[in-house]
There are 2 protein chains.
Amino acid sequence: MTMKTISQNKSFGGTQGVYSHESAETGCTMRFGVYLPPAAGKGPVPVLFWLSGLTCTEENFIVKAGAQRVAAELGIALVAPDTSPRGLDYPGDSDSYDFGVGAGFYVDAVKAPWSTGYRMYSYIAKELFELVAGGFSVEASRAGIFGHSMGGHGALTIGLKHPDRFKTISAFAPIVSPTRCPWGEKALAGYLGSDRNTWADYDATLLIKRHGWSGPELLVDQGGDDQFLASQLKPELLVAACAEAKVPLNLRMQPGYDHSYFFISSFIEDHLRHHAAHL
Amino acid sequence: MTMKTISQNKSFGGTQGVYSHESAETGCTMRFGVYLPPAAGKGPVPVLFWLSGLTCTEENFIVKAGAQRVAAELGIALVAPDTSPRGLDYPGDSDSYDFGVGAGFYVDAVKAPWSTGYRMYSYIAKELFELVAGGFSVEASRAGIFGHSMGGHGALTIGLKHPDRFKTISAFAPIVSPTRCPWGEKALAGYLGSDRNTWADYDATLLIKRHGWSGPELLVDQGGDDQFLASQLKPELLVAACAEAKVPLNLRMQPGYDHSYFFISSFIEDHLRHHAAHL
């Protein structure tokens, strides 16, 4: 597998790179960011995978989160993939912000035409993980996963299903139960079909009840003034699932914060320190 | 003068706002960002004006610099204006990235048609300063100015000419002598005309020799791998001017850094602490 370097910029003594590769899972060219802290020059470092939300590319986290400063201090690499295939040009794939391009929802689609390229679950959990493990100065045995909104859903579901690969999980304003909110129902019906039984594999609250989680506590920050709180995010469903399954959850409601990167950047340091403490 | 609120987002316990107003200087609607730290809720705080570079709007600094975290800690407000009038639709005003829209160069134009709206010097030094002083919880007597590239030029020239208003000055990769580089020569000829004698008022190196600077040392960071270093920025001209005029300058060459916000964000904390220490 060959990678192409799109850009590299020195940042806090390390290097923020953007790379592309031909993905077997998505059948198209995929871009992703990798921040390597100064410590990566001396030997492999732990690595965090960040999954972004609806409409994002690999760029949003890289330029808006302010994570490199803390990653440099802690000696952790940051990987930031795109949120969907690009350029497949399936009919209707750009008609809405919450389905298709920019909205892969971290599932492996089974409905045509999506099933051939919309395989963001396997792309993140397997292909990209292995590409990064083999191509950068990272310790793949010390990896964590986190994300925002749709990407918080992705981080929770991928992390919960792969405790062998991801030792720590956290999220900002995650969609905790896509089987029970409009964004999730639209995406799961569109990618998986109308049989709701097939959706359970991609619902963090159901996965927690089924598989539990024996890793360190899940750290979740949620803005109290988030415009999607009641309709789409529903953190109370995660609280209930974790209580039932005796999974440790640190849900922090943050009064006055919304769904934006201004919220993420305000608390990103806590998340990096949480992962670093347990990796 | 009335202001309109475009957006407000909670950020590091304070508020990042974007506002607009009808500007008398530019004859159009102007946008600017104001970050108010938590301390501004208890009483007026010192304020820093950030001037952005070519092609930027008020947004770049707000989302990319990571300055709010430090401003919140230090209790300093941050003001981030646009870089030119918008919507005047002068012939040719969008033909190039380095003249016209997004490239006001912080001068008061005298050539038609630019002279009616391209008055970014007076807009920043007077109109916006007074608007912010009167409309936000800031101590106008404790103000500093800083910026990047074209905005570093703006910060130096406006600051040097208004020590009464701006007590501290710093810059990232500034155009230190626009009378002696292609970007500056194009802008000054276009806005002021071909008589180079009229350009001197907008050249930091000439202003330093003429007026000096009795404030705290000028802090300037310059990336060693900046693609514009030799052709446009020429920090050695600032070094020479400061030496001749006995103006204290702390020029820090930063090896490996380029001209981007990855460079700015890496050192923004030092600049905020520099201003805070002297305000």
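**Reading the model, feature by feature**

Q: At what angle do helix H4 (residues 150-161) of chain B and helix H6 (residues 204-211) of chain B pack?

A: They pack at an angle of about 20°, and their axes are 9 Å apart. Axes here are lines fitted to C-alpha atoms, for helices over the stretch in contact, with angles running from 0 to 180 degrees between N-to-C directions. That angle makes H4(B) roughly parallel to H6(B) (under 35 degrees is roughly parallel, over 145 roughly antiparallel, 65 to 115 roughly perpendicular, the rest oblique). Helices (H or I, at least four residues) and strands (E, at least two) are DSSP runs, numbered from the N terminus.

This is a predicted model: local features need pLDDT of at least 70 and side-chain atom pairs 80 or more, while totals for chains, interfaces and linings use all residues. Residues are numbered from 1 along each chain as its sequence is written, chains are lettered from A and ligands numbered from 1 in the order written, and side-chain values use heavy atoms, leaving out hydrogens and water.

Q: Which residues make the contact between H4(B) and H6(B)?

A: Contact means heavy atoms within 4.5 Å. From H4(B) you get B:Leu156, B:Thr157, B:Leu160 and B:Lys161, and from H6(B) B:Ala204, B:Leu207 and B:Ile208. By class, that is 5 nonpolar, 1 polar and 1 charged residues (Ala, Val, Leu, Ile, Met, Phe, Trp, Tyr, Cys and Pro count as nonpolar, Asp, Glu, Lys and Arg as charged, the others, Gly among them, as polar).

Q: What rotation superposes chain B on chain A?

A: Two copies of a chain are related by a rotation about an axis and a shift along it. Here the rotation is 180° with 0.0 Å of shift, and the RMSD is 0.0 Å (least squares on C-alpha atoms of residues with pLDDT of at least 70 in both). The two copies are thus related as by a two-fold rotation axis. Also, 100% of the interface residues of chain B are interface residues in chain A too, so the copies meet through the same surface.

Q: Where is the cis peptide bond in chain A?

A: Most residues other than glycine have a negative phi, and most peptide bonds are trans. The bond from A:Ala112 to A:Pro113 is cis, with omega near 0°. A:Pro113 sits in the loop between strand S5 (77-81) and helix H3 (120-135) of chain A. In chain B, the bond from B:Ala112 to B:Pro113 is cis.

Q: And what is phi of B:Asp89?

A: Phi is near 55°, a positive value in a residue other than glycine. B:Asp89 lies in the loop between S5 and H3 of chain B.
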